[in-house]
Amino acid sequence: MNKETFALRREKLRRLMHEQGLDALLVSQSANRFYLSGFELHDCQCNESYGCLIIMKDGKDWLCTDSRYEEAAAKLWDRERIFIYRSASSEELNGLLKKLCGASGVIGIEEEHLSRAYTRRLEPGLSLQGADGLVEQLREIKDEEEIRLIAESVALNHRMLAWLPSVLVPGQDEGSVSWAIEKFYREHGASELSFPSIVAMNANAALPHYAPEQPSVFTDNCMVLVDEGCRLHHYCSDQTRTYWIGNRPEPRFTEMLERVQEAQRRAIAALGPGVTGREVHQIAVDYFTSCGMERYFTHSLGHGVGLETHEGPRLSVFNTKALRPGMVVTIEPGLYFPGWGGARWEYMAVITEDGCRVF
């Protein structure tokens, strides 16, 4: 993406800032920082930061980082508005914000991404106001280039899924298949996984976010749930399939998988602009209720995907906002029977003007 794309996003953000009465917005969440500037999608460690942006209402924005990343920042940003701090110290940013906004300027902060201690050090002499969700609101609607990049990430995901049955054989184990998935992605151009792959056999498949301590070895005639995704050109994919290894699937497994796939078909048919996340989620719940299985559906129907694997909008009981064209979501109903197994089936789709398009 070019500099003009990032500049246009910042202008859209400025309009939201004006509605909130903000003179500046301190952007500290890493994916938001990248979305607005192209600078570093990930913070290197949980206790370190590549930096932040200060988005100003007058358009004179700042990129703040430390000396290790000065040259990388200069490739994207006017050097005159790059602020190099000696440490990721809020005291130094306090001084810059005072210079830019004065004591009376209202500065928005992403409270959900700042510690209480950091905010306490940042605050003296400044007027801070919580402004969570402004950038995320923009990120929910993907532009044409973002949709193209997501489609490429999903296409690589489909290539992996076509290859995957070759390693789902008796004698393999959950850990080795997880590693094989990661290796496939890296060898075919992905920069990393979207998230650690879930490979869960039999009763482990009843745990939606299973993480093995002692990987189970596949046997003839067993079920395996695989949830995985990759990051390609910065954008994530996320899909789940559930398999039977062997030629004698248990009738209970077949019924479970058919119910999950039917719930997904009904939800996809309802996806479109104007429908709320709650309404789509409820379609899956109602279907499972008609089958007497609703208590085994233990999570929301789906979530947004983009620069992060989990972002807005949510297809859940808590989302009463209407879906809009350009939103990219997963549709992933599942059934989980403790001590026996589970199934999940997941596609990704983009909301269009007249419905949705499954990738």
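Modeller: Start with burial. Buried means under 20% relative accessible area, exposed over 50%, and partly exposed in between (1.4 Å probe, protein chains only). Arg-139 is buried, with a relative accessible area of 3%. A caution: this is a predicted model, where local features need pLDDT of at least 70, side-chain atom pairs count only at pLDDT 80 or more, and totals for chains, interfaces and linings use all residues. Residues are numbered from 1 along each chain as its sequence is written, and side-chain values use heavy atoms, without hydrogens and water.

Colleague: How many salt bridges does a search of the whole structure find?

Modeller: A salt bridge is a side-chain nitrogen of Lys or Arg within 4 Å of a carboxyl oxygen of Asp or Glu. The search finds 24.

Colleague: Which residue forms a salt bridge with Arg-139?

Modeller: Glu-308, with the closest N and O atoms 2.9 Å apart. Arg-139 lies in helix α6 (residues 134-139) and Glu-308 in the loop between β13 (302-304) and β14 (311-315), so the pair ties together parts 169 residues apart in sequence. Helices (H or I, at least four residues) and strands (E, at least two) are DSSP runs, numbered from the N terminus. Glu-308 is partly exposed, at 28%.

Colleague: Is Glu-92 buried or exposed?

Modeller: Glu-92 is buried, at 17% relative accessible area. Its salt-bridge partner Arg-86, 3.5 Å away between the closest N and O atoms, is exposed, at 77%.

Colleague: What does Glu-91 meet in a salt bridge?

Modeller: The side chain of Arg-121, at 3.9 Å, N to O. Glu-91 is in helix α4 (residues 90-101) and Arg-121 in helix α5 (residues 116-122), 30 residues apart.
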